[in-house]
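Then I turned to a few single residues.

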Amino acid sequence: MAANPYQSIETGTPGRIGWRIHYFDEVGSTQKVAAELANDGAAHGTVVIAERQSAGRGRMGRQWHSPPGLNLYQTIILRPTMPLAEVPRLSLVAGVAAAEALESVAAGLVALKWPNDVWLRGRKAGGIIAEAVTDPGQGLRCVLLGIGINVNLAPDQIPEELRDKATSIRIATGRQCDRIALAAALFNRLDSRYMEIQQHGFAVVRPRWEGYSALTGKRVTVIDSGARITGTVRGIDAEGALMLETESGPARIMTGDVTVAGAYD
Ligand code: BTN
């Protein structure tokens, strides 16, 4: 393992997010490394960060472009006491934390696209994945919360097919960004928001998520397992589902990919 540049931001306080940071030059996916550490008993708040991923994973089996030396690729091991069905809410909570952390470097440019995209100036700069690890009885063992943020990626470092959809902090602001300071801000915000929902429930974070919502009031199409539904976004409900107003009445969307008319999908 290489020298750990993120050691300086480890809080050292067990139970806090970022209390211990495992750092790697290269991994397949930080999700996989975190799964192994979690299986070996790593505590809540343990983080895995890699400089580069050779098999970075996005939602729905997609790849996550993970070149070295530019971005943040991290997985946080969470050990929440919540029903399995509530795990998807954690990616919304992480979205709020990521948006708040990004405000310090890209003030006023940040938005969230349900369920898990972080946008800067209307393009995707980050993505979140919340993978539940269960025991044989389907009880929740832990959650592997993966967060990827394009930090100092230049336009010509974005793969051709993503150029009209993806961005980075550097592209959106015209400035280089200190990845270590950004990671510290992210863990700090996530720790606060996580404690908030543990104490008061998801309802406290919902208005904050809605404050960043890129979709509210927009006409969208959601595709889930081949089914399409079109409507106008009204926000998210108390469980984190996307609320749509469709021609046949209100609809509640739990999973899916959202396409926005006139914006990046
Ligand atoms: C998405 O938008 O599809 C979610 C992307 C999540 C990417 C992060 S990068 C760190 C962690 N390791 C992975 O392999 N994926 C997540």
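Which element gives the largest share of the shell around the ligand? I looked it up, and β6 does, with four residues.

First, some ground rules. I am reading a predicted model, where local features need pLDDT of at least 70, side-chain atom pairs count only at pLDDT 80 or more, and totals for chains, interfaces and linings use all residues. Residues are numbered from 1 along each chain as its sequence is written, and side-chain values use heavy atoms, with hydrogens and water left out.

Entry: the shell. I found 21 residues around the ligand. Ser 29, Thr 30, Arg 57, Arg 59 and Lys 124 come nearest. Here a residue is near a molecule if one of its heavy atoms lies within 4 Å of it. I sorted the shell by type: five nonpolar, twelve polar and four charged residues. In this sorting Ala, Val, Leu, Ile, Met, Phe, Trp, Tyr, Cys and Pro are nonpolar, Asp, Glu, Lys and Arg are charged, and the others, Gly among them, are polar.

Entry: Arg 57 has a polar backbone atom 2.6 Å from a ligand oxygen. For Arg 59, a backbone N or O atom lies 2.6 Å from an oxygen of the ligand. Lys 124 uses its side chain: an N or O atom there is 2.6 Å from a ligand oxygen. I then checked the cover. Alone, the ligand exposes 420 Å², and the protein buries 99% of that. These areas come from the Shrake-Rupley method with a 1.4 Å probe.

Entry: elements. Two or more shell residues come from each of α1 (30-39), β3 (72-78), β6 (123-134) and β7 (140-149). Helices (H or I, at least four residues) and strands (E, at least two) are DSSP runs, numbered from the N terminus.

Entry: Asn 4. I found Asn 4 in the segment before β1 (20-27). Asn 4 counts as buried because its relative accessible area is 18%, and buried means under 20% (1.4 Å probe, protein chains only). A polar atom of its side chain lies 2.9 Å from the backbone oxygen of Ile 21.

Entry: Thr 221. Thr 221 is in strand β8 (residues 219-224). Its relative accessible area is 14%, so Thr 221 is buried. Its side chain joins that of Thr 230 in a polar contact of 2.9 Å. Such a contact is a pair of N or O atoms within 3.5 Å; within protein, one must be able to donate a hydrogen and the other to accept it, and residues adjacent in sequence count only if both atoms are side-chain atoms.

Note on methods
Buried means under 20% relative accessible area, exposed over 50%, partly exposed in between (1.4 Å probe, protein chains only).
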